[in-house]
Amino acid sequence: MTIQLFTPNFRVDECLLEIKECLEKGWTGLGFKTNEIEERWKDYSGFEHAHFLSSATAGLHLALDIYKREYHWNDGDEVISSPFTFVSTNHAIKYCNLTPVFADIDEYLCLDPESVRSRITEKTRAVIFVGIGGNVGRYEDIRKLCHEHNLILILDAAHMAGTRLNTKHIGLDADVSVFSFQAVKNLPTADSGMICFKEQKFDSQARILSWLGIDKDTFARSSNQGAYKWRYDVKEVGYKYHGNSIMASLALVGLKYLDQDNGYRRTIANWYTELLENVDGISIVKMAPNSECSQHLFQVRVNNRDMVLEKMNASDIFPGVHYADNTLYDPYRQSSKLCPQARIASDEVVSLPMHMGLVRDDVEYVAQVLIQAVSSEL
Ligand SMILES: *Cc1c(COP(=O)(O)O)cnc(C)c1O
């Protein structure tokens, strides 16, 4: 039997019922289920504002775009980010003609506050914190640092649906948090995401900009309704970034089971920990204290990682790598060597299989194959 890194478990009948409602109503696009998922997500998480989008990549772009307009940032202004992330995080900075400035990571694989501090200049406008695998890392220190230096804090929460810090959902105190409900995230749809601004006015702007700059409300409020229902105003060049009701249908079902599923992920993580701690050549990436992690990933670090992966593949186990140092890629190559810890981690990390389909026997088998592969490389 093959064991993949991630296999989504859709509650097929429940998903089909939600989708059936869309089809019967003839409403598959924006509105209807997209409104419902926004309300349910706010109830679940405690965010005051939430706008359902086509992806987290779109959300990160939208966030930076909105702040750049609002605060009159210049082209080339700096956003401190991590080279140890999915490229979306850093592409979003470039979409806005801003400059990603990389800070190094700590033992949680998240931004190291001291490194972030050392990267702050006159041109720094924002910091993007990425919670790798759902890990909170030193988010609190980064938040304080941003406050101290008057920097916008953007939380790339693509892995963090359901992560809590001191019993509250992560991100409530960030300027904006962006979640991904992409096909292989811990709340999978096919492609969608959620953007949660702290401020009402940015949420309103996001709704307009995610639908090409169309402002329906201007005319809805005027007395010219009735025969003029087709009328709308466009004040800015926006994007086509809003979510649709089919994706929202899948998210609504996933959200109902999010805590239960994340709980099972943590059980799997505890099994891995029990089997792998104190094994020579394997170090487990720890989760930050005082937090309840979505456990999107369970990561270990090993030497000769690529060989270890090949050996595991030969036993039909297919772990993942999150992530390769982004400075290995052309668009970011000029920043290489600035973040040695990220480069080392990039060569060592392995994400072990983590999904609802795994049972204790699978986890034992993965651990056993990993231990064998690592000991043959020692
Ligand atoms: C997946 C991911 C994204 C992008 O999410 P999409 O919804 O696929 O656009 C952004 N950041 C991180 C850290 C991710 O893992």
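Modeller: A polar side-chain atom of T57 lies 2.5 Å from an oxygen atom of the ligand. In the side chain of D156, an N or O atom is 2.8 Å from a nitrogen atom of the ligand, and in that of K185 an N or O atom is 3.0 Å from a ligand oxygen. A polar contact here is a pair of N or O atoms within 3.5 Å; within protein, one must be able to donate a hydrogen and the other to accept it, and residues adjacent in sequence count only if both atoms are side-chain atoms. The protein covers 94% of the 380 Å² of accessible area that the ligand has on its own (Shrake-Rupley method, 1.4 Å probe; for residues, only the protein chains shown count as cover).

This is a predicted model, in which local features need pLDDT of at least 70 and side-chain atom pairs count only at pLDDT 80 or more, while totals for chains, interfaces and linings use all residues. Residues are numbered from 1 along each chain as its sequence is written, and side-chain values use heavy atoms, with hydrogens and water left out.

There are 16 residues around the ligand, of which T57, D156, H159, S180 and K185 come nearest (near means that a heavy atom of the residue lies within 4 Å). The shell divides into 5 nonpolar, 9 polar and 2 charged residues; Ala, Val, Leu, Ile, Met, Phe, Trp, Tyr, Cys and Pro count as nonpolar, Asp, Glu, Lys and Arg as charged, and the others, Gly among them, as polar.

The ligand sits in the largest pocket. A pocket is an open set of points on a 1 Å grid over the protein atoms alone, where a 1.4 Å probe fits, with protein on both sides within 12 Å along at least five of seven lines; a molecule sits in it if more than half of its atoms lie within 2 Å of its grid points. The elements giving two or more residues to the shell are α3 (56–71) and α4 (88–95) (DSSP runs numbered from the N terminus: helices H or I, at least four residues; strands E, at least two).

Turning to the sheets, β8-β7-β14 is the order of an open, antiparallel sheet of 3 strands (strands pair if DSSP finds at least two bridges between them). β8 (168–169) and β14 (291–292) stand at the edges with a single partner strand each, so one side of each has no neighbour in the sheet. Strand β7 (residues 164–165) is joined to β8 by 2 bridges, and L165 has K168 as its bridge partner. Another open antiparallel sheet has the order β13-β15-β17. Strand β15 (residues 298–301) pairs with β17 over 4 bridges, where R301 is partnered by V349.

As for the backbone, the peptide bond from H322 to Y323 is cis, with omega near 10 degrees. F32, not a glycine, has a positive phi of about 55 degrees.

Notes:
1 Å grid on protein atoms, 1.4 Å probe; cavity = no way out; pocket = protein on both sides within 12 Å on 5 of 7 lines; lining within 4 Å.
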